[in-house]
Amino acid sequence: MILIAGGGIVGLTLALTAHSLGLKVRLFEQVDRPAPLGVGINLQPQAVREMVEMGLGDALDSIGLRIREVAYFSKRGHKIWDEPRGSWAGYNWPQYSVHRGEFQMMLLRAAQMRLPAGSIETGWKATGFSQDGATVQLHLQDRAGNSRTESGTMLIGCDGIHSAIRAQMHPEEGPPVWGGAVLWRGTSRAVPFLTGASMAMAGHEWQKFVTYPISQTDPGTGEAVINWVAELKYEATRQWNKEDYNRPGKLADFLPAFEDWQFHWLDVPALIRKADKVYEFPMVDRDPLPFWTQGRVTLAGDAAHAMYPIGSNGASQGILDARLLGRYLRDQGLSEGALEAYEAERRPVTTRIILANRSNGPDQVMDLVEQRCDGEFGDVTEVLSAQELHDTASSYKQLVGTDIDGLNARPSIL
């Protein structure tokens, strides 16, 4: 029996994967009634491939939007660089933008349909674990303070950035790391920009705006649901509410900084004002760990490698965790060796991504433009060479496993 702590995207992907391999699973989620909360995320082609191979391609297509391109702009709205995405770039699979909550609910519905009754329990939060020989005990608690213990052959901690499983493994670690950036996120109904299925990023490290549609365009109004993120960076020594990760945001705290960002392709302040709700949280990650696995317990997703939301890799890397872990469990059984082999493959990769994202990942091109010309230029090649643009894009793709030829040629994980 595999015990899974956490019923988010990674936990549900792992439960579905393990069940498809004939392995027994019990998943525990702290939320009493899961609901489609959150805002937009992107799923890279390597993660979409896994959804298709899990038989969820049509379900994903019904709730997501196939992204055609990514485009980078200076703070003055001048295009630095763009490139096609997903199928338009030559991948065998598309890239999707999707509402995080809708995607999680899609996975939950699939798990409820496929897994035996009672495999998924809500309202129970993981508080820790113990293990003895071939058995692991997962300690759980509900909102009323009632405690219980469940036993299994192994435990996978998919309980997010505040993972109790990780905290027990690494009690000296402390809270997530804040580098000084604060994000305000929202969704607005508006007419899509550029191709109608574009992801756009404007600004630089200290002030940035990221936006993309996460729904099909309404034929009646011509509008879609547009996800957006406004980011401001401060000195990391500044006091901020770093422990409230999803509180309501105030326009007065960030809108004035973007008031003059009215570009020919997007009116940023107008888009912000159309949002029904705005959420604020600090952009945090965690330092890479020296190990994920302790006996018959290991970590996956944000519990293992919480990273900055740069390069659209958080959810995609967690999905790859779940699928690769499934492969090792299939090949080596429910053994400590399977967990160690999984960690040996995934931990070095995700460590490199965490560190690359702290250096701004592919968004570095915007920083270079800001440094060299204050975001003002006529021809971008006067500021950045074609080779610099190419190298920035290709090196990050190779790092995260999204180079086109490599992904298309790679055999299936399962």
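Modeller: Helices (H or I, at least four residues) and strands (E, at least two) are DSSP runs, numbered from the N terminus. With that, Val-191 is found in the loop between strand S13 (177–190) and strand S14 (198–204). Mind that this is a predicted model, where local features need pLDDT of at least 70 and side-chain atom pairs count only at pLDDT 80 or more, while totals for chains, interfaces and linings use all residues. Residues are numbered from 1 along each chain as its sequence is written, and side-chain values use heavy atoms, with hydrogens and water left out.

Colleague: What makes Val-191 buried or exposed?

Modeller: Buried means under 20% relative accessible area, exposed over 50%, and partly exposed in between (1.4 Å probe, protein chains only). Val-191 has 55%, so it is exposed.

Colleague: Which residues is Val-191 in contact with, leaving aside its neighbours within four places in sequence?

Modeller: Contact means heavy atoms within 4.5 Å. On that basis Val-191 touches Gly-222 and Glu-223.

Colleague: Why is H1 called roughly parallel to H4?

Modeller: Axes are lines fitted to C-alpha atoms, for helices over the stretch in contact, and angles run from 0 to 180 degrees between N-to-C directions. H1 (residues 9–20) and H4 (residues 100–114) pack at about 25°, their axes 9 Å apart. Angles under 35 degrees count as roughly parallel, over 145 as roughly antiparallel, 65 to 115 as roughly perpendicular and the rest as oblique. So H1 is roughly parallel to H4. Among the residues making the contact are Leu-12 and Leu-16 of H1 and Phe-103 and Leu-107 of H4. In H4, Phe-103 and Leu-107 are also among the buried residues.

Colleague: How do you know that the span of H4 agrees with what it should be?

Modeller: The expected span of a helix is 1.5 Å times one less than its number of residues. For the 15 residues of H4 that should be 21 Å, and its end C-alpha atoms are 21 Å apart, so the two agree.

Colleague: And what makes H9 roughly parallel or antiparallel to H10?

Modeller: H9 (residues 314–332) and H10 (residues 336–358) pack at about 155°, with axes 8 Å apart. That angle is over 145, so H9 is roughly antiparallel to H10. Leu-324 and Tyr-328 of H9 and Tyr-342 and Val-349 of H10 are among the residues in this contact.
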